[in-house]
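Visitor: Hi! Could you walk me through this one?
Guide: Happy to. Here it is.
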Amino acid sequence: MEFLDLSPLKHAQGAVVLPGSKSISNRILLLSALAEGKTRINHLLDSDDTQVMLAALTKLGVSVTQVDNSRDYDVVGVGGQFPNAAADLFLGNAGTAFRSLTAALALSHGDYTLSGVARMHERPIGDLVDGLRQLGAQIEYLDVAGFPPLKISPLQPTDHAVATVKGNVSSQFLTGLLLAAPMTGRAVTIKVDGELISKPYVEITLNLMQRFGVNVVRDGWQSFSIAAGQRYVSPSVITVEGDASSASYFLAAGVLGLGPVRVEGVGRTSIQGDVRFAEALAQMGANIVYEDNAITASAGQYLRGVDMDFNHIPDAAMTIAVVALFAEGTTTLRNIASWRVKETDRIHAMATELRKVGAIVEEGADYISITPPVKLQAATIDTYDDHRMAMCFSLVALGGVAVRINDPRCVNKTFPEYFSAFAGLTS
């Protein structure tokens, strides 16, 4: 197995320009493909997940052209119907691509199969499929019911224009339904059964749909209505924000390594909920300064443990679990059941690796509590083919201990240049 050895570190200082947001990149790619007209996408993320979406759209007959060697792309929209009415798509472990494409293809008129890596076939999709079937989608499970791989046949429209989806497993199910609903041309109402998790990610979806000309009327977080006859129209040019989840590692480094560290690409005007990670750092005692498109973090007098609900920022919350190693007292992250069905079972993985560096950890179905050790221990960290595990645990080196990161290339999923950027700030 490949590994990366990080030497003991004490300081982090400087500035970093964030890569584009994965969540925004893949949503904009699909919206640009479905829209009428050509869209210039600026600052698209270069990662495994976006490459999966780009390859899938190309296989579906969408014209996608990279502008020279830049991170800008031109996408020629297909006006709601993919040119290729049959395709076999392999989507790796890209949840944002798999869920949204499942919805878009299920509400079109083609024959498709969707599959991924073994872990993707363990990630539930039954609630999304149930919602799509209520709108006339013809979807079969090719192996285990409720999980990929899937076979999609042409839509059989029904008079039923209401779909219900559970909200407590993944917000990507609701996002998929929302993104695809205008393809039907009909008025569609999507109802959420139970509590909706990760609401900020749904807000990203609604914001971007509006940028492409489709308005959604929201009744709290329980009902979303799309009027008949709405269609996606290209805004001509759209820019991808920096990735707020990726910002969390550098903001944390600025606090643990005294700082200041300035991240550029997200700020007080960001549409991403994960910018609220900085609020959690501030509650732990960090110094945070906001600008419109940048955030700076540095150390306060000391860090203290917190007991907080992190349902709104589950991805960035992983970074708090590592920051807890440097805080006084116990830190408890609550309402994070969605960690169980991510790239790996993140509650179990985080607990296992935190114990390696000396922490006392308690895990439950939807929470994790971390009490830091008196002295951090050097350790070899397993990453479980999960990019966020690798990036989070790089921060342990700022405690002045050596850290070996196994399978460091897993960061290619969202941030291929992460370790270079981290090395550029630390000493």
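Guide: One term to begin with: a contact means heavy atoms within 4.5 Å.
Visitor: Okay, so what share of the contacts with a separation of 6 or more joins residues 24 or more positions apart?
Guide: In the protein chain that share is 73%. Keep in mind that this is a predicted model, where local features need pLDDT of at least 70, side-chain atom pairs count only at pLDDT 80 or more, and totals for chains, interfaces and linings use all residues. Residues are numbered from 1 along each chain as its sequence is written, and side-chain values use heavy atoms, leaving out hydrogens and water.
Visitor: How many helices and strands are there?
Guide: The protein chain has twelve helices and 23 strands. These are DSSP runs numbered from the N terminus, with helices (H or I) of at least four residues and strands (E) of at least two.
Visitor: New topic: how much of the chain is buried?
Guide: Of its 427 residues, 60% count as buried, meaning under 20% relative accessible area with a 1.4 Å probe, protein chains only.
Visitor: What about its overall span?
Guide: The C-alpha trace spans about 65 × 45 × 45 Å along its principal axes.

Technical notes: Buried means under 20% relative accessible area, exposed over 50%, partly exposed in between (1.4 Å probe, protein chains only).
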